[in-house]
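Me: I am new to this structure and want to learn how to read it. Can we go through it feature by feature?

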Amino acid sequence: MGDPGFVHRIPVRYGEVDMQGVVFNAHYLAYIDDAMDRWLRTLDLQFERFGWDIMTVKAVVDWKGSATIGEDLDIAVGVTRWGNTSFEVGFAGAVGERPVFIATLTYVGVEAGTKEPMAPPPEVRALLGDAPAPA
């Protein structure tokens with residue numbers, strides 16, 4: 001994997017594992033949301049400055065392994081595709097060198113406070129970049 005751009009580390013906690021001792025599958029979407037939030041905060045990207053916001057419209061997760069209590073899950077984040085009003089963000093989760101999941105979330109840009117599609121402002125697109133996300 002090339003330069004991931006941004007990596008967010010999440011320590012796996014006891015309450016997040018299931019009876020099999022691995023992270024319960026639903027927690028991965030919460031981890032992804034947390035990684036996205038942290039990435040946007042590092043960029044100081046406050047969408048409301050631009051009258052723009054995003055909504056998740058699709059999530060695809062492909063598990064490659066599992067994480068368990070006491071492990072640190074590193075999630076690399078980056079834009080993988082831009083459309084007119086939508087864009088995809090790729091997420092690659094790993095414990096050390098061991099792949100755990102790959103996910104792609106599709107977001108649609110909307111006019112803030114509405115559900116009306118809106119193209120991303122050039123400033124937002126420049127901050128999020130066009131570099132490929134980790135595979």
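Reply: We start with the whole chain and then turn to single residues. Keep in mind that this is a predicted model.

Me: How many helices and strands does the chain have, and in which order do they run?

Reply: Start with the elements. The chain has two helices and five strands. Read from the N terminus, the order is β-α-β-β-β-β-α.

Me: What does the radius of gyration say about the chain?

Reply: Compare the value with the one for a compact globule. For 135 residues, that globule would have a radius of gyration near 14 Å. The chain has 15 Å, so the two agree. For the extent along the principal axes, take the C-alpha trace: about 45 × 30 × 25 Å.

Me: How much of the chain is buried?

Reply: Buried means under 20% relative accessible area. By that cut-off, 39% of the 135 residues are buried. Now look at the outside. The accessible surface is about 7,500 Å². Carbon and sulfur atoms supply 53% of that surface.

Me: What share of the contacts joins residues 24 or more positions apart?

Reply: Take the contacts in the chain with a separation of 6 or more. Of these, 70% are between residues 24 or more positions apart.

Me: Is A35 buried or exposed?

Reply: A35 is buried, because its relative accessible area is 0%.

Me: Now charges. How many positive and negative side chains are there?

Reply: There are 11 positive and 19 negative side chains. The centres of the two sets lie 2 Å apart.

Me: Why can charged side chains pair at all?

Reply: Opposite charges can pair when the charged atoms of the side chains come close. This structure holds eight salt bridges.

Me: Which residue meets D34 in a salt bridge?

Reply: R38 does, at 3.8 Å from N to O. Both residues lie in helix 1, which covers residues 27-42. They are four residues apart, about one turn of the helix.

Me: How exposed are these two partners?

Reply: D34 has 27% relative accessibility, so it counts as partly exposed. R38 is partly exposed too, at 40%.

Me: What else does D34 touch?

Reply: Set aside residues up to four places away in sequence. D34 then touches H8 and I10. H8 is also among the residues that A35 touches. G78 is 44 residues from D34 along the chain, and their C-alpha atoms are separated by 14 Å.

Me: Where can I find other salt bridges?

Reply: Look at K64 and D62, which meet at 2.8 Å, N to O. K64 is partly exposed at 48% relative accessibility. D62 is partly exposed as well, at 38%. Next, find R81 and E88, whose side chains meet at 3.5 Å, N to O. R81 has a relative accessible area of 33% and is partly exposed. E88 is partly exposed at 21%.

Me: Which residues are linked in a network of salt bridges?

Reply: R9, D72 and D74 are linked in one.

Me: Is T106 buried or exposed?

Reply: T106 is buried, because its relative accessible area is 11%.

Key. Residues are numbered from 1 along each chain as its sequence is written. This is a predicted model: local features need pLDDT of at least 70, side-chain atom pairs count only at pLDDT 80 or more; totals for chains, interfaces and linings use all residues. Side-chain values use heavy atoms; hydrogens and water are left out. The radius of gyration is taken over C-alpha atoms; the globule rule is 2.2 Å times the number of residues to the power 0.38. Buried means under 20% relative accessible area, exposed over 50%, partly exposed in between (1.4 Å probe, protein chains only). Contact means heavy atoms within 4.5 Å. Accessible areas come from the Shrake-Rupley method with a 1.4 Å probe; for residues, only the protein chains shown count as cover. Lys and Arg count as positive and Asp and Glu as negative; His and the chain ends are not counted. The place of a charge is taken as NZ of Lys, CZ of Arg, CG of Asp or CD of Glu. A salt bridge is a side-chain nitrogen of Lys or Arg within 4 Å of a carboxyl oxygen of Asp or Glu.
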